Protein chains: 2
Amino acid sequence: MVTIKDIAREAGVSITTVSRALNNYDDVSASTKELILKIAKNRGYVPNRSAQNLVKQKNNTLAIILSGLEKEGGKDNIAYGLLSGMYTYAETVNYEVVLFTTSTAQQKQKTYVQFCREHNIGGAVLHGIRTDDPYFEEIVSSDLPCVLIDIKTEGKNTSSISIDNIEASKEAVEYLISHNHRNIGMINGRQEAAVSAERYKGYEKALVNHNILVNPQYMVYADFSEEVSYVKTKELLSSHPEITALFCASDMMAVGSIRAIEELKLKVPNDISIIGFDNIPLSQYLTPALTTVAQDFYQMGNESAKQLLKMITKEKYENSVYLSYKLVERKSISMI
Amino acid sequence: MVTIKDIAREAGVSITTVSRALNNYDDVSASTKELILKIAKNRGYVPNRSAQNLVKQKNNTLAIILSGLEKEGGKDNIAYGLLSGMYTYAETVNYEVVLFTTSTAQQKQKTYVQFCREHNIGGAVLHGIRTDDPYFEEIVSSDLPCVLIDIKTEGKNTSSISIDNIEASKEAVEYLISHNHRNIGMINGRQEAAVSAERYKGYEKALVNHNILVNPQYMVYADFSEEVSYVKTKELLSSHPEITALFCASDMMAVGSIRAIEELKLKVPNDISIIGFDNIPLSQYLTPALTTVAQDFYQMGNESAKQLLKMITKEKYENSVYLSYKLVERKSISMI
DNA sequence: TTGTATGCGTTATCAA
DNA sequence: TTGATAACGCATACAA
């Protein structure tokens, strides 16, 4: 490994001068700077990040903390979208991104804050974290900048980011209503998730606005899982055959629902119309292509990183940012 | 930030003793160790990775270098599978994973080797890198441990990992042949990619083995892209209407082909049978579900990390490892 | 069992 | 315009 010391020796100057030349300070004579740069290049000098970070007391690193990175977890591509959006922004401001999962935290008995401190991380974005996670409170109330995806929060150096889930869900259900559906079921996510309450509220709102009776039995929780949704949909449609349309709180759950519907010898959209949520890449390739509420996870990751940087640089930042969503019409809904 | 110095002061011992206690050395009396640990916990002590890395001269970090992390690039989930497999193994050996993309490299004018040295990285896995990438040669011939996915290489501290693409392709095409197809087209990947040559070889082999004439015009390159494949498939099938089956060198290309076929007013599999490659999550949800050659990218990432660690710890490692593949039969192929 | 002293590679302060 | 020197937080060889 070649260090500034080596370069200094070869150039016949002090390490200070080398450091200044390398960092492009202007109090180095052009000639020595040139010499030093040339030597550095020839010898393949590369600065040592650890040393830099140590002395500079910061790291230029952002963390993304995910609930899981398991073998089967990535089908929806959400984590990927987040990561790539975040990475892309970070890159423009010369930051790096490191990954951390909740399962790692548990295994290593390490809290998110510990991890971040240990790595001298500037800020973190959290996704899929449960609010009853033992370490959740700690990181939110710490002064470490963090942005929470889909979870509201107040707290210094904390920002939340999401779409307006209530409005989006309301629109989705109203779209169903506009196709003359009245008996509309909802396949909701995890019961404890904040978004589940919000999306149900939107569902309710749409029905109420159109003078449709809200039947609580029409809503079931399916844990955001394809499998659970498959089971729950079967149950729901079997016990309530009057249902003609389903609002699913995630596309992956919609996939499970569709399978259930087919096994019930019913057709989408002729017998049952279905609208999803998220607009994951998969949804456009389904048959029929899934009508859904599109979220832009890339943008979400991008915006998260941007907020984080504002917090880090002590700029003014939004306490909660709402991104736009869009209803994308495809083929899974029919008029009654 | 609380350091070992603070703890030393509070405990009334030297920093050396603190360091030893924290690292669980056995030449510290039980009582002082206990005291130190207690203080560390109370004060929320967290070791500083930069300092540790600096003094230990290593980082316990692996890198994954990807060709891109763009907004639209992740549909196939391959990068995700690789990353998650790698991450999972790294976790078990207390390593971390950092991400780097070729576009970043270009933007920052930084070679992969520079990046790795700068970050004190123990080893890297490369995916989707082109062999004509200006920095490719450098990293392969450097002594930095690296494993290449889908690219053969010889060189010290270098290992390659893939499935047997020739055999896998041969099996795929033979599967088509066993369904009585004789005029079989191939939608290949990027012309310059090593795997493209291999997969074509397998295609050829299968035909020759069954005394079927190889028509070079039946093979087109589609750059592993859905869009290009869509265009090329249209061209191919229009100019060669005698073709009854297609072997696509990736599932994403198969998706493009299917769209082309439909627009040609043809049906899969009745008019055209189609077999893909990769078994991305999407393929099982297509209609008809896509028959394909399954690769396990999670395992590939996992195995890559494992090889890397062997190189780092100077154990004996495989110069090239072949993972198993599997033909998964679904609904996109019919008997003639 | 504990402490002193040194060094890892870099930046920053101050003086020359 | 340059150079000594200290400092960042930690681990370790050596001494006590």
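**Exercise 1.** Which elements each supply at least two residues of the surface near DNA strand D?

*Solution.* This is a predicted model, in which local features need pLDDT of at least 70, side-chain atom pairs count only at pLDDT 80 or more, and totals for chains, interfaces and linings use all residues. Residues are numbered from 1 along each chain as its sequence is written, while chains are lettered from A and ligands numbered from 1 in the order in which they are written.

Step 1. Take helices (H or I, at least four residues) and strands (E, at least two) as DSSP runs, numbered from the N terminus. A residue counts as near if its C-beta atom, placed from the backbone, lies within 6 Å of the molecule or strand.

Step 2. The elements are α2 and α4 of chain A and α2 and α4 of chain B. With five residues, α4(B) gives the most.

Step 3. Among the 26 residues around DNA strand D, the nearest are A:Ser14, A:Thr17, A:Ser29, A:Val55 and B:Thr3.

**Exercise 2.** Describe the surface near DNA strand C by element and by class.

*Solution.* Step 1. At least two residues each come from α1 (4-11), α2 (15-22) and α4 (49-56) of chain A, and from α2 (15-22) and α4 (49-56) of chain B. The largest share, five residues, belongs to α4(A).

Step 2. Classes: Ala, Val, Leu, Ile, Met, Phe, Trp, Tyr, Cys and Pro are nonpolar; Asp, Glu, Lys and Arg are charged; the others, Gly among them, are polar. The surface near DNA strand C has twelve nonpolar, eleven polar and three charged residues.
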